[in-house]
Amino acid sequence: MMYVVLFFLAFSLLLYVLLAGADFGAGIVELFSSKKNQAITKKTIYRVMGPVWEANHIWIIIMIVILWVAFPAYYNIIVIYLHIPLTLMLLGITLRGVAFVFRHYDAYKDKSQILYDWMFKISSLLTPVFLGITFGALISGKIIHTTTPIDYSFKILYIDSWLHTFSILTGFFFAALCAFLSAVLLIGEASYGDKKIYVKKATIATIVVVLFGFITILYGYISKIQFVIDFVSNLYAMTTILISAILLIPLWSSIRKGRRVLSRLFAGSQVLLILIAALTPHYPSILFTTDGGISILDNVAPDSVIKVLGISLLIGGFVILPGLFHLLKSFKMIKILERH
Amino acid sequence: MENLDAARLQMAFTLIFHIVFACVGMVMPFFMVVAHKKWLNTRNDIYLTLTKSWQKGVAIFFVTGAVSGTALSFELGLLWPEFMKHAGPIIGMPFSLEGAAFFVEAIALGFYLYGWNKIPEKFHWWTGVIVGISGVASGILVVSANGWMNAPSGFDYINGEFLNIDPIKALFNPAWFTQALHMTLAAFTATGFAVAGIHAYQIVKKRNVALHKKAFKIAITFGAIAAILQPISGDLSAKDIAERQPVKLAAMEAHFETSKGAPLYIGGIVNQETQEVTHKIAIPKALSFLAFGNLDAEVKGLNDFPKDEHPNVAIVHYAFQVMVGLGTLLLFAGVFFFITLSRKRTWFHSKKFWLLFTVLAPMGFIALEAGWIVTEVGRQPWIIHNIMKTKDVVTPVPGIVYSFYMYVILYSILTIAVTWLMSRQIKSLNNKTLVET
Ligand code: HDD
Ligand code: HEM
Ligand code: HEM
């Protein structure tokens with residue numbers, strides 16, 4: 001059952017990064033668009049994201065619930081030492097969600113739209129940055145895990161653990177990844193004339209992601225972040241990265257040709273590969289403190305709990321996944337019909 | 001401010017905010033599908049306009065409820081890390097099922113909102129029903145988690161460790177049923193009266209009366225039925241508490257000395273130091289009867305328990321008075337509505353009738369918040385009744401007060417914004433149908 005639970009944890013993580021990532025990215029793409037393109041993007045985002053918007057974001061709740069139910073000790077460290085970036089991320093999620101409904105459901109479309117749009121774009125950028133920072137902080141080995149917090153200053157325990165160059169680089173890398181996912185998604189959704197806007201955006205985003213990825217790893221290596229050093233010297237991780245680098249070529253050409261399904265497939269597999277590469281070298285340690293890695297499998301919940309959780313997840317999965325699939329499919333069909 | 005106080009205030013504030021959106025998100029879909037059904041049956045365009053405008057309301061409230069809920073699910077850990085470390089695995093069951101219910105709700109809502117004229121009419125209507133049902137299901141599940149904090153079960157507590165965990169038994173803890181029933185009714189009462197009141201106000205203002213009367217009727221019917229059932233369920237809760245959490249009961253009633261044939265106090269000013277209640281009306285033997293169904297039963301007073309296990313008596317007592325007072329008021333209002341139904345010719349044209357229901361609009365929600373204050377403040381100092389104290393599990397991260405301020409500012413702005421958005425929704429509704437007719 002442990003494996004079922006771990007599978008759902010990883011699966012939710014993957015889907016959250018893909019779906020919510022593309023969702024955040026939409027706001028980032030809009031932020032970096034000219035005025036005319038912004039209006040087009042706004043319409044397209046609404047058409048594409050509207051029906052599935054809520055469902056995209058529930059994955060993070062599933063993740064959190066799995067963490068606290070099955071891996072309470074591990075979760076405990078995260079919520080204590082990364083309290084501040086998590087709170088800031090929540091602030092972003094709140095503002096973004098609210099801005100999204102406001103701008104599409106306000107009964108009057110007037111000047112207040114300008115405010116909603118800015119709120120949406122800015123929080124779309126900041127939320128993934130803080131998410132990335134949180135993840136960067138998890139693996140950077142700067143968290144001081146202590147039973148006597150009195151001995152340390154506030155800054156050392158709760159700020160320095162996450163506010164450093166490496167985690168900020170990770171934050172920007174993640175934001176760029178979101179923009180990349182979104183641009184690729186939008187290629188397939190835009191009407192014919194607008195397609196080239198997103199082909200161009202996707203091309204730029206790919207370059208930015210690769211660049212940020214490279215800089216992050218390079219910086220991590222130079223500043224001797226253990227996770228990165230191990231990562232670079234791990235055969236599996238490096239092979240995975242190599243594969244993803246090779247896959248960039250077909251990705252690139254499918255973007256150029258504006259192939260919707262193929263480019264999405266390649267973009268998705270980039271994310272999958274990056275996650276695999278990041279998580280394998282140290283599994284089951286996904287959290288690094290100054291004293292080294294902490295295994296997610298330490299102090300797990302008792303078997304009875306894992307069993308019930310696993311069964312609930314399986315049942316939930318059987319109910320939800322077909323529904324979700326049907327939702328995505330129905331609206332895709334409708335969109336295709338509408339275009340003709 | 002101390003960290004503990006700040007954390008408690010933040011928890012209370014965010015929950016008080018979330019519950020309003022959660023209730024509306026839980027109950028509005030039912031109003032919406034009734035209006036929708038009436039449209040399908042009669043093809044009267046007024047019902048279609050109404051359905052579509054309520055649907056926008058549902059969407060706005062759903063998202064605000066969802067983001068504040070997302071924040072809450074992090075907050076449990078962020079503010080009470082030690083609590084979640086131990087309680088998480090035990091009450092994970094309702095929360096993971098709740099996650100599934102939310103998911104179903106979000107999927108169904110996607111179909112409903114975007115499915116107009118695209119998916120088969122019947123199926124479309126049913127997706128609306130599913131939104132409502134899964135909303136209520138998730139509400140019941142969270143409340144069951146809260147019930148567990150009041151009536152912990154499904155584990156053995158040995159030497160400070162939680163052993164032999166049985167998540168299913170924890171889900172069906174002794175408090176879950178009474179609390180979930182009372183809460184669900186409360187959601188219908190509060191939302192029913194609030195929505196009815198808003199439409200009643202529009203009728204007072206003589207705006208688009210035909211539409212608002214139809215809206216009013218749908219909302220108040222739900223609200224009135226729930227309000228009539230509410231005191232019965234409340235009595236069940238009180239009897240439950242008398243068994244399970246006698247300290248809470250004593251605090252609710254400001255009952256200091258253990259006695260047989262205990263009187264029930266109505267009103268009264270509590271002085272916790274001198275243990276006196278002044279300016280009260282006492283009904284002899286009524287408390288014994290209400291709590292145990294026996295006029296002479298013994299009711300434990302606060303003094304039977306160690307002082308450091310007392311909750312804040314004044315807050316609990318006042319909040320309880322507010323809830324029960326408003327509950328009685330809404331009960332009468334509900335009965336009154338059904339009486340007017342049978343002779344509507346005269347009453348439905350009287351401005352006073354609509355003014356009355358306008359004034360009642362916020363009362364359900366006030367009673368609901370008051371009820372939660374009774375439950376939650378009355379549970380103090382325990383976070384898990386008789387097992388774990390709130391002060392021992394608060395986060396070690398200093399400066400929670402700043403995060404509290406952040407939430408106050410953020411949610412105050414949101415409240416204003418959502419209110420403003422709703423008023424624009426109504427304004428556009430009034431304008432739209434004026435043009436059409
Ligand atoms: C519309 C709202 C509303 C109304 C009219 C009432 N209540 Fe209530 N009450 C709630 C809304 C509520 C609540 C907010 O939903 C609570 C908090 C926790 C819960 O399960 O329900 C609650 C809790 C609550 C509790 C404590 C339960 C616990 O701690 O486990 C008792 C004893 C009562 N109620 C009793 C009553 C009585 C005797 C009422 C008579 C009129 C009444 N309530 C009306
Ligand atoms: C939505 C309606 C609710 C309201 C208005 C509410 C209100 C409050 C209030 C006023 C407090 C502060 C009590 C004090 O410290 O004096 C509190 C604390 C708390 N509540 Fe609730 N509550 C609600 C529902 C829930 C539910 C459903 C849960 C759990 C699943 C929950 C979990 C907690 C926890 C963990 C605390 C903090 C620890 C404590 O003070 O005991 N609450 N709530
Ligand atoms: C009595 C208290 C509560 C009730 C009745 C309640 C009910 C609901 C309902 C019906 C929704 C759906 C949103 C909507 O339709 O507008 C919702 C959203 C949510 N609630 Fe609560 N809730 C309560 C307290 C809590 C607590 C204590 C937590 C945190 C642990 C929580 C976590 C959530 C989450 C995560 C969501 C968002 C789910 C989504 O994305 O759809 N709720 N709540």
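Biologist: What makes the radius of gyration of chain B agree or disagree with that of a compact globule?

Modeller: This is a predicted model, and the values given here are computed from it. A compact globule of 437 residues would have a radius of gyration near 22 Å. Chain B has 23 Å, so it agrees with that expectation. Along its principal axes, the C-alpha trace of chain B spans about 70 × 45 × 40 Å. Chain B contains 14 helices and eight strands.

Biologist: How do you know whether chain A, with 340 residues, agrees with a compact globule?

Modeller: The rule gives a radius of gyration near 20 Å for 340 residues, and chain A has 20 Å, so the two agree. The C-alpha trace of chain A spans about 60 × 45 × 40 Å along its principal axes. Chain A has 13 helices and two strands.

Biologist: What share of the residues of chain B count as buried?

Modeller: In chain B, 59% of the 437 residues are buried. In chain A, buried residues make up 59% of the 340 residues. A residue is called buried because its relative accessible area is under 20%.

Biologist: What share of the accessible surface of chain A belongs to carbon and sulfur atoms?

Modeller: Carbon and sulfur atoms hold 74% of the accessible surface of chain A, which comes to about 14,600 Å². For chain B the accessible surface is about 17,900 Å², with 66% belonging to carbon and sulfur atoms.

Biologist: How far apart are the centres of the positive and negative side chains of chain A?

Modeller: The centres of the 27 positive and 15 negative side chains of chain A lie 15 Å apart. In chain B, the mean positions of the 35 positive and 27 negative charges are separated by 20 Å.

Biologist: Why is helix H4 of chain A described as largely enclosed?

Modeller: Ten of the ten residues of this helix, residues 72–81, are buried, so the rest of the structure largely encloses it. Among the buried residues of H4(A) are Tyr74(A), Tyr75(A), Asn76(A) and Tyr81(A).

Biologist: Why is Ser123(A) called buried?

Modeller: Ser123(A) has a relative accessible area of 5%. Buried means under 20%, so the term applies. Ser123(A) lies in helix H6 (residues 112–139) of chain A. Apart from residues up to four places away in sequence, Ser123(A) touches Gly92(A), Leu95(A), Arg96(A) and Pro128(A).

Biologist: Why is Ala361(B) called buried?

Modeller: Its relative accessible area is 14%, and the cut-off is under 20%, so Ala361(B) counts as buried. Ala361(B) is placed in the loop between helix H12 (351–360) and H13 of chain B. Residues up to four places away in sequence aside, Ala361(B) touches Phe193(B), Ala194(B) and Gly197(B).

Biologist: Why is Leu97(B) called partly exposed?

Modeller: Leu97(B) has a relative accessible area of 29%. Buried would require under 20% and exposed over 50%, so Leu97(B) falls in between. Leu97(B) belongs to helix H3 (residues 81–114) of chain B. Beyond its neighbours within four places in sequence, Leu97(B) is in contact with Leu141(B) and Leu171(B).

Biologist: Which residue is the protein donor of the iron atom of ligand 3?

Modeller: His18(B) is the only protein donor of that iron atom, through NE2 at 2.1 Å. Since the limit is within 2.8 Å, the NE2 atom of His18(B) counts as a donor. His18(B) sits in helix H1 (residues 3–42) of chain B.

Biologist: What is the phi value of Arg43(B)?

Modeller: Phi of Arg43(B) is near 55°, a positive value in a residue other than glycine. Most residues other than glycine have a negative phi, and most peptide bonds are trans. Arg43(B) is in the loop between H1 and helix H2 (45–79) of chain B. With 41% relative accessibility, Arg43(B) is partly exposed.

Biologist: Which form, cis or trans, does the peptide bond from Gln380(B) to Pro381(B) take?

Modeller: That bond is cis, with omega near 0°. Pro381(B) is found in the loop between H13 and strand S7 (382–384) of chain B.

Methods. Residues are numbered from 1 along each chain as its sequence is written. Chains are lettered from A and ligands numbered from 1 in the order in which they are written. This is a predicted model: local features need pLDDT of at least 70, side-chain atom pairs count only at pLDDT 80 or more; totals for chains, interfaces and linings use all residues. Side-chain values use heavy atoms; hydrogens and water are left out. Helices (H or I, at least four residues) and strands (E, at least two) are DSSP runs, numbered from the N terminus. The radius of gyration is taken over C-alpha atoms; the globule rule is 2.2 Å times the number of residues to the power 0.38. Buried means under 20% relative accessible area, exposed over 50%, partly exposed in between (1.4 Å probe, protein chains only). Accessible areas come from the Shrake-Rupley method with a 1.4 Å probe; for residues, only the protein chains shown count as cover. Lys and Arg count as positive and Asp and Glu as negative; His and the chain ends are not counted. The place of a charge is taken as NZ of Lys, CZ of Arg, CG of Asp or CD of Glu. Donors are N, O and S atoms within 2.8 Å of the metal (3.2 Å for Na, K and Ca); water is not among the atoms, so sites may look incomplete. Contact means heavy atoms within 4.5 Å.
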